[in-house]
Amino acid sequence: MRRAIVPGTFDPVTSGHIDIIERAGTLFDDIVIGVAHSPNKGGGPLFTIEERVGFLETATAHLDNVVVRPFDTLLVRFAEKIGANVIVKGLRALTDFEREFQMAALNWRLDSEVETMFIMAVPENMYLSSSAVKEIAAHGGSVRGLVPDVVQAAIDQKLGKVR
Ligand code: PNS
């Protein structure tokens, strides 16, 4: 059984994340999406851990071999606990590389039996990020197509808008 973990803060999940999860799902028997609490990231997440898990469950309901689980430990400890020996992350433009390289190296130091693998973002998602989505939405721009429908509805509601 080849199980991989796709970890992230997912605040919120974007269409880019979904693309990576779908492609990872074709390469492994099953995928656990690990949603990190990340209380300190960027001044605290916009969406609660329950909301972020819920968005992912809805947006991946069409994928039979994917489950969503929150975690608040070291990533490698969580990977060990669920029996995943591969961490899959999406890689966008070069700007991602240094941070991802550092995390992969540290995770390898913590547990060399857990491999990190990267899947390249498709060109249309190269500059798509959760932060950009939040920035666009906060300024009243449309995030249609950049996020799953469930997230778009939640963003509209959170910002008190019905577009
Ligand atoms: O969505 P992100 O910011 O790319 O996700 C980062 C994440 C959640 C994968 C990373 O912060 C993480 O693994 N957090 C858990 C704590 C941990 O293991 N930190 C050490 C990794 S260097």
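Lys41 reaches the ligand through its side chain, where an N or O atom sits 2.5 Å from a ligand oxygen. That counts as a polar contact, meaning a pair of N or O atoms within 3.5 Å (within protein, one must be able to donate a hydrogen and the other to accept it, and residues adjacent in sequence count only if both atoms are side-chain atoms). On its own the ligand would expose 540 Å², and the protein buries 78% of that (accessible areas by the Shrake-Rupley method with a 1.4 Å probe; for residues, only the protein chains shown count as cover). The model is a predicted one, in which local features need pLDDT of at least 70 and side-chain atom pairs count only at pLDDT 80 or more, while totals for chains, interfaces and linings use all residues. Numbering runs from 1 along each chain as its sequence is written, and side-chain values use heavy atoms, with hydrogens and water left out.

The shell around the ligand holds 14 residues, with Thr9, Lys41, Leu75, Lys89 and Arg99 the closest (near means a heavy atom within 4 Å). By class, the shell splits into seven nonpolar, four polar and three charged residues. Helix α4 gives the most, four residues (helices are DSSP runs of H or I, at least four residues, and strands are runs of E, at least two, numbered from the N terminus).

A pocket here is an open set of points on a 1 Å grid over the protein atoms alone, with protein on both sides within 12 Å along at least five of seven lines; lining residues have an atom within 4 Å of a point. Of the 49 lining residues, those closest to the pocket centre are Gly8, Thr9, Lys41, Lys89 and Arg99. The largest share of this lining, six residues, again comes from α4. Sorted by class, the lining has 22 nonpolar, 18 polar and nine charged residues.

Notes: Ala, Val, Leu, Ile, Met, Phe, Trp, Tyr, Cys and Pro count as nonpolar, Asp, Glu, Lys and Arg as charged, and the others, Gly among them, as polar. On a 1 Å grid over the protein atoms alone, a cavity is a set of points where a 1.4 Å probe fits but cannot get out, and a pocket is an open set with protein on both sides within 12 Å along at least five of seven lines; lining residues have an atom within 4 Å of a point.
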